[in-house]
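This report walks through one protein model, beginning with a pair of helices and ending with a pocket. Please keep the sequence and the structure in view while reading.

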Amino acid sequence: MNKKTVKLTTGKSVDIREMSLDEMDLCKDMVVIRYHDDDTYSTTGLSKAKTAWLRRGIVGGDFKGFKSGSDGFPIDSVLTQLSEDEGMELLNHIRGYQNVGEEKPSH
């Protein structure tokens, strides 16, 4: 598992990991966009998707009492230590770290 540490604008350091394609698909598929006459009229699942990205992407960092559940993902008390702004910033870091479509260096 590849991982890296990111520093949020608030100063908090968070360890994030590279996710599998299946994990990324699960997170992406949580958002449902409904269209009517070629216009978006409803979007649902945004909060669920954000939580899924955070839960699957975070593996450690500046959290009081960091713990993972039996599924290996951080428990709720870890995620609730993030402010809304920190969560959105971290979501962008996690998604950006996934390297989808980028050529990986050959060894």
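In this predicted model, the axes of α2 and α4 come within 10 Å and cross at roughly 65 degrees, where axes are lines fitted to C-alpha atoms, for helices over the stretch in contact, and angles run from 0 to 180 degrees between N-to-C directions. That makes α2 roughly perpendicular to α4, because angles of 65 to 115 degrees count as roughly perpendicular, those under 35 as roughly parallel, those over 145 as roughly antiparallel and the rest as oblique. The crossing of α2 and α4 is left-handed, a word used if the near helix is turned anticlockwise from the far one by less than a right angle, with clockwise giving right-handed.

Being a predicted model, it is described with local features only at pLDDT of at least 70 and side-chain atom pairs only at pLDDT 80 or more, while totals for chains, interfaces and linings use all residues. Residues are numbered from 1 along each chain as its sequence is written, and side-chain values use heavy atoms, with hydrogens and water left out.

The protein has 4 helices and 5 strands, which are DSSP runs numbered from the N terminus (helices H or I, at least four residues; strands E, at least two). Read from the N terminus on, the elements follow the order β-β-α-β-β-α-β-α-α. Along the principal axes, the C-alpha atoms fill a box of roughly 50 × 40 × 30 Å.

Strand pairing comes next, two strands being paired if DSSP finds at least two bridges between them.

| Strand pair | Sense | Bridges |
|---|---|---|
| β1 and β2 | antiparallel | 5 bridges |
| β2 and β5 | antiparallel | 3 bridges |
| β3 and β4 | antiparallel | 5 bridges |

An open sheet of 3 strands has the order β1-β2-β5, and its edge strands, β1 (3-7) and β5 (58-61), each pair on one side only. The twist averages 30 degrees from one strand to the next. Within this sheet, Lys3 has Arg17 in β2 as its bridge partner, and Asp15 has Gly60 in β5. β1 and β2 form a hairpin with 5 residues between them, and Gly11 in that turn has a positive phi of about 100 degrees. A hairpin is also formed by β3 and β4, with 2 residues between them and a positive phi of about 55 degrees at Asp37 in the turn; the bridge partner of His36 in β4 is Asp39.

Which elements each supply at least two residues of the lining of the largest pocket? They are α2 (46-57), α3 (76-79) and α4 (84-97), and the largest share, 5 residues, comes from α2. A pocket here is an open set of points on a 1 Å grid over the protein atoms alone, where a 1.4 Å probe fits, with protein on both sides within 12 Å along at least five of seven lines, and lining residues have an atom within 4 Å of a point. The largest pocket has a volume of about 170 Å³, a volume being the space filled by probe spheres set on the points, which are joined across faces, edges and corners. Its lining includes Ser47, Lys50, Asp76 and Glu84.
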